[in-house]
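Dear colleague,

I am pleased to hand over the structure for your study. Please find it below, followed by a short account of what was found in it.

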Amino acid sequence: MARPPVYDDALRERLLSETVEAIDTHGVDGFSLRAVTSAADTSTSAVYALFGSRDGLVAAVIDDAFASFGAAQLRAEADGLTALGRAYRDWALANPVRYRLMFGGALLACAPEDVPSSDRAIAPLVRTVTALLPQANEADVRTRVLAIWAQVHGAVSLQLAGVMPDGTDWRVVFEAVVATIARDITHPTP
């Protein structure tokens with residue numbers, strides 16, 4: 001009896017990377033699994049063995065993106081709120097396809113257990129806000145975290161969408177956003 005093929009972490013990483021490229025070119029619904037596996041120098045059986053299905057592969061790409069994003073947030077956490085915002089932007093600009101996958105609706109098609117890194121990615125911001133607002137209750141911290149996330153996400157998404165005319169200095173815009181966030185968390189307006 002023939003032994004089943006062994007699929008290693010390097011192949012898994014190639015499949016994730018090739019899937020990101022294919023999604024960038026053809027979209028989540030339009031990419032070809034055969035093209036991805038060909039580019040990764042494997043067969044579709046590897047996808048089914050490693051990810052269970054095409055949807056499992058997409059969920060793994062999204063989870064991998066959240067894990068990478070979360071690692072960037074974790075590295076910035078010790079430097080505070082402004083550093084977290086900058087790390088958010090830096091990661092998104094370096095990974096625009098993964099960013100769009102994370103926040104463009106594809107996550108809604110995934111079961112929460114298929115994307116466990118999505119919950120962990122925001123943990124550094126939660127801890128930072130909790131430390132800055134030691135008297136706040138859990139609901140207030142959650143509200144602040146979501147408000148901060150919305151502001152940072154909005155600025156980054158506008159930049160990636162290219163909605164402003166050429167010549168807009170997005171670094172300056174973003175620094176104004178994070179400065180406002182930092183000011184507002186220490187001196188909130190009623």
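Helix α5 contributes the most to the lining of the largest cavity, giving five residues. Please bear in mind that the model is predicted.

The cavity itself may be described as follows. A search of the whole structure finds one cavity of 30 Å³ or more, and about 130 Å³ of space lies in the largest cavity. Its lining is made up of 14 residues, and those nearest its centre are L84, G85, L125, I148 and V152. Two or more lining residues come from each of α4 (54-77), α5 (81-94), α9 (138-161) and α10 (170-186). In terms of class, 11 residues of the lining are nonpolar and three are polar, while none is charged.

Next, a word on α4. Does the span of this helix agree or disagree with what its number of residues leads one to expect? With 24 residues at 1.5 Å a residue, α4 should span 34 Å; the C-alpha atoms at its ends are 34 Å apart, so the two values agree. Where α4 starts, S53 places a side-chain oxygen within 3.4 Å of the backbone nitrogen of D55.

Finally, I turn to helix α6, which covers residues 96-103. Which of its residues are buried? They are V97, R98, Y99, L101 and M102. These buried residues of α6 pack against α1 (9-26), α4, α5 and α9. After α6 comes G105, which has a positive phi, near 105°.

Yours sincerely,
A colleague

How values were computed
Residues numbered from 1 in each chain as written. Predicted model: local features only at pLDDT ≥ 70, side-chain atom pairs only at ≥ 80, totals over all residues. Heavy atoms only, no water. 1 Å grid on protein atoms, 1.4 Å probe; cavity = no way out; pocket = protein on both sides within 12 Å on 5 of 7 lines; lining within 4 Å. Points joined across faces, edges and corners; volume = space filled by probe spheres on them. Helix = DSSP H or I, 4+ residues; strand = E, 2+ residues; numbered from the N terminus. Nonpolar A, V, L, I, M, F, W, Y, C, P; charged D, E, K, R; others polar. Expected span 1.5 Å × (residues − 1). Polar contact = N/O pair within 3.5 Å; in protein donor to acceptor, adjacent residues only side chain to side chain. Buried < 20%, exposed > 50% of the residue type's maximum accessible area, 1.4 Å probe, protein only. Contact = heavy atoms within 4.5 Å.
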